[in-house]
Amino acid sequence: MNARTLSVPASGIASSVGASVVFGTIFMIPPHLLPLDPEQILGYRIIAMVAFLAAFFCAARMWNQAAALAGRLRATPRLAGFLAVDAALLGLQLWLFGWAPQSGHGLDLSLGYLILPLVMVVVSVAVYRERLSRVRIAAVLCAAAGVAAAVVVAGGLRWPTLLVALGLPLYFVSRRAFALDSAAAQLFELIAMLPFSVFVLLAKPSLGTVAHDPRLIAGLVLLGILSAAGFALYLTASSVLPFSLFGVLSYVEPVLLVLVSLTFLGEPWQPADTFVHIPICAGLLLLALEPAAREPAAPKQPAPRLDSALP
């Protein structure tokens, strides 16, 4: 195995952990952007992400990738429909990430990110035909205990939790299946969301408020920079790593989100939360330790392509 082969998963691991740290930092920003509401924050965030990604494409001279993707979309019109669906799924997650910390649902969102890695393991078996080891089966059972506890003590899983745990795997599977897991595709997804930004900023005018508040300007600029960097790292990891390993590494983010919710956002930890989060954390710990307990995995097989018209 040559150095380049070894460097690919290493870069993916670094990208995943880096993305988790960036998103943990982003989670602290929305409460400081009041009086802007989540929809206004999302509108500005999309515009800022498009601007910073476009600047990055210019600096890195990557517009040829965008031109190649535009050619694919013209040659396969239905591919544009799948990209629009991906944009909607991404936009929903971006909105939720701004809404939850402002509305006191940070722990609900954190629980979604705690369940997410385990859902990805299930997807790796169902979609990518990866085999589960005994350790991974034990991890899934631990997570099931946590989910059952959530249903009993909280009257069920709240919709923000389910939206994260089910929506993000669907987004990543779709991007891989149609070979849309690239920086160019991310830029096109954000461009597809620009009409939403224009609509929100016209329906809820706030430019005057932002222009006269340096705190809001600085917060929105920082949000845009971190968002572009975080999603670039996250999508790099999702395209490089095997899906199950990508899911395992996702445990870093929910741990950070729980810490931010409890410390910086001041959300209370209820006794019932222990019965929900501890079993899930135990399952995640098993998943994190599992790679060290098995032999090196075979090289990752390419994800199945669902669009037969693609080259």
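## Salt bridges

D37 and K204 meet through their side chains in a salt bridge, 2.9 Å from N to O; the term means a side-chain nitrogen of Lys or Arg within 4 Å of a carboxyl oxygen of Asp or Glu. The pair links distant parts of the chain, 167 residues apart: D37 is in the loop between helix 1 (3-26) and helix 2, and K204 in the loop between helix 9 (194-203) and helix 10 (207-211). Helices are DSSP runs of H or I with at least four residues, numbered from the N terminus. This is a predicted model, in which local features need pLDDT of at least 70 and side-chain atom pairs count only at pLDDT 80 or more, while totals for chains, interfaces and linings use all residues. Residues are numbered from 1 along each chain as its sequence is written, and side-chain values use heavy atoms, with hydrogens and water left out.

The count comes to five salt bridges. Another one joins the side chains of D108 and R158 (3.1 Å, N to O). D108 lies in helix 5 (residues 106-126) and R158 in the loop between helix 6 (134-154) and helix 7 (159-177), so the pair ties together parts 50 residues apart in sequence. D108 is buried, at 10% relative accessible area, and R158 is partly exposed, at 41%. Buried means under 20% relative accessible area, exposed over 50%, and partly exposed in between, with a 1.4 Å probe and protein chains only.

R175 forms a salt bridge with E189, with the closest N and O atoms 3.1 Å apart. R175 is in helix 7 and E189 in helix 8 (residues 183-192). Both residues are buried.

## Cavity

There is one cavity of 30 Å³ or more, meaning a set of points on a 1 Å grid over the protein atoms alone where a 1.4 Å probe fits but cannot get out. The largest cavity has a volume of about 90 Å³, taken as the space filled by probe spheres set on the points. Ten residues line the cavity, with F23, Q93, F97, Y113 and F231 nearest its centre. Lining residues have an atom within 4 Å of a point. Helix 4 gives the largest share of the lining, three residues.

## Surface patch

F52, I217, V221 and I225 form a nonpolar patch on the surface, with about 300 Å² of accessible area together. Such a patch joins nonpolar side chains (Val, Leu, Ile, Met, Phe, Trp, Tyr) within 5 Å, from residues with over 30% relative accessible area and no salt bridge. Areas come from the Shrake-Rupley method with a 1.4 Å probe. Helix 11 (residues 214-240) supplies three residues, and F52 is found in helix 2 (residues 38-60).

Key
Patches are made of residues with over 30% relative accessible area and no salt bridge: like charges are joined within 9 Å, nonpolar side chains (Val, Leu, Ile, Met, Phe, Trp, Tyr) within 5 Å. Helices (H or I, at least four residues) and strands (E, at least two) are DSSP runs, numbered from the N terminus. On a 1 Å grid over the protein atoms alone, a cavity is a set of points where a 1.4 Å probe fits but cannot get out, and a pocket is an open set with protein on both sides within 12 Å along at least five of seven lines; lining residues have an atom within 4 Å of a point.
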